[in-house]
Amino acid sequence: MSAEASPPAPRDRQVDQLRLLAKIARMYHEQGVRQPQIAADLNISQSRVSRLLRQAADIGIVRTVVTLPDGVYTDIEQELEGRFGLLDSVVVDTGSTAGDVMQVLGAAAASYLGETLANGDAIGISSWSATLLATVEAMRPRNGLAVDVVTQLVGGIGDAHVQMNATRLLDRFATLTGARPLFLPTPGLVKNPSVRRALLEDPTVAGVGAVWKRLSVAIVGIGSVQPSPLLQQSGNAIGPEQQQELMELGAVGDVCYRFFDQRGKLINSPFNDRVLGIDPKDLRQVPRRIGVAGGRSKFAAIAAAIAGGWINTLVTDLDTADHLLKSRA
């Protein structure tokens, strides 16, 4: 009598389930078959297809890998934000020359502002920055955008020819964003504290000061102790003796004429009583403080501006971003 044949071993339901998950995942992700077609081909419901695709991702059958396009540095931006506590950052490759840095940073900042400015924003902008001039020149109108007001963060009167740049900057920014322009008709740097006090009592200046206290966005350049060519031409630049004094006190950079040391701490100097611009406390209370700066000469100033809370959003170049990260490794 022959032995009876053994019954077939029961199929492993887990293997069958994994096979189905893998089949659906390959159809959807590799072959580009849409979910309704997968459901029809396999004679299952579309809701089950969707559920099985999520399950395939949950258990690791499908793994998402983001490959960054050339010229996109979101990995570095996220590292900067995490390492330094920034709200946001934009990193671009600017090339090798100083001119490239200003123009490329300006274009990047213009694009960022076009995406992030909101209706009703009250905006302050520093006017003696070649990079910010490049930013505003690169900006384009955005349909439906209606910024409330834009004003200067520091006095703008100086050399008549250069003053036109500051006026054009504010006027063009207002036109592009639908904002009301509010000019500050004073020098950025006055001779002595008594002149500053008198100017602050002027109704027009007082009106600008009231707007400073309710800004939602500040857009600033970041300077080193040595004035930029634009600032030197403006008639508002500090002289060699004042530069030397500030450096001896530890100054490495400034935002809106407010000089700070390498830790970002405001330099305690009589110079502060000659500046006609936003108060440091008011500036650092603005919710979004965007610094647009780059280049090797600004490494120390940018690092200090971040450390001191002068800015919480940074638009910069790839070399500066790498330097910042290596300095905090």
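Author: Buried means under 20% relative accessible area, with exposed over 50% and partly exposed in between (1.4 Å probe, protein chains only). This model is predicted, so local features need pLDDT of at least 70 and side-chain atom pairs pLDDT 80 or more, while totals for chains, interfaces and linings use all residues. Residues count from 1 along each chain as its sequence is written, and side-chain values use heavy atoms, without hydrogens and water.

Reader: Which way do the residues of strand β2 point, and are they buried or exposed?

Author: Ala 122 and Gly 124 point one way from β2 (residues 122–125), Ile 123 and Ile 125 the other way, and all are buried. Strands are DSSP runs of E, at least two residues; helices are H or I, at least four; both are numbered from the N terminus.

Reader: In what sense does β2 pair with β3?

Author: Parallel, over 4 bridges, with β3 at residues 149–152. Pairing takes at least two DSSP bridges between two strands. Ile 125 stands opposite Gln 152 in β3.

Reader: And what is the bridge partner of Gly 124 in β5?

Author: Ala 218. β2 and β5 (residues 217–220) also pair in the parallel sense, over 3 bridges.

Reader: New topic. Which helix gives the most to the lining of the second largest pocket?

Author: α9, with 5 residues. A pocket is an open set of points on a 1 Å grid over the protein atoms alone, where a 1.4 Å probe fits, with protein on both sides within 12 Å along at least five of seven lines; lining residues have an atom within 4 Å of a point.

Reader: Which residues lie nearest its centre?

Author: Leu 200, Gly 209, Trp 212, Gly 277 and Asp 279, out of 15 lining residues.
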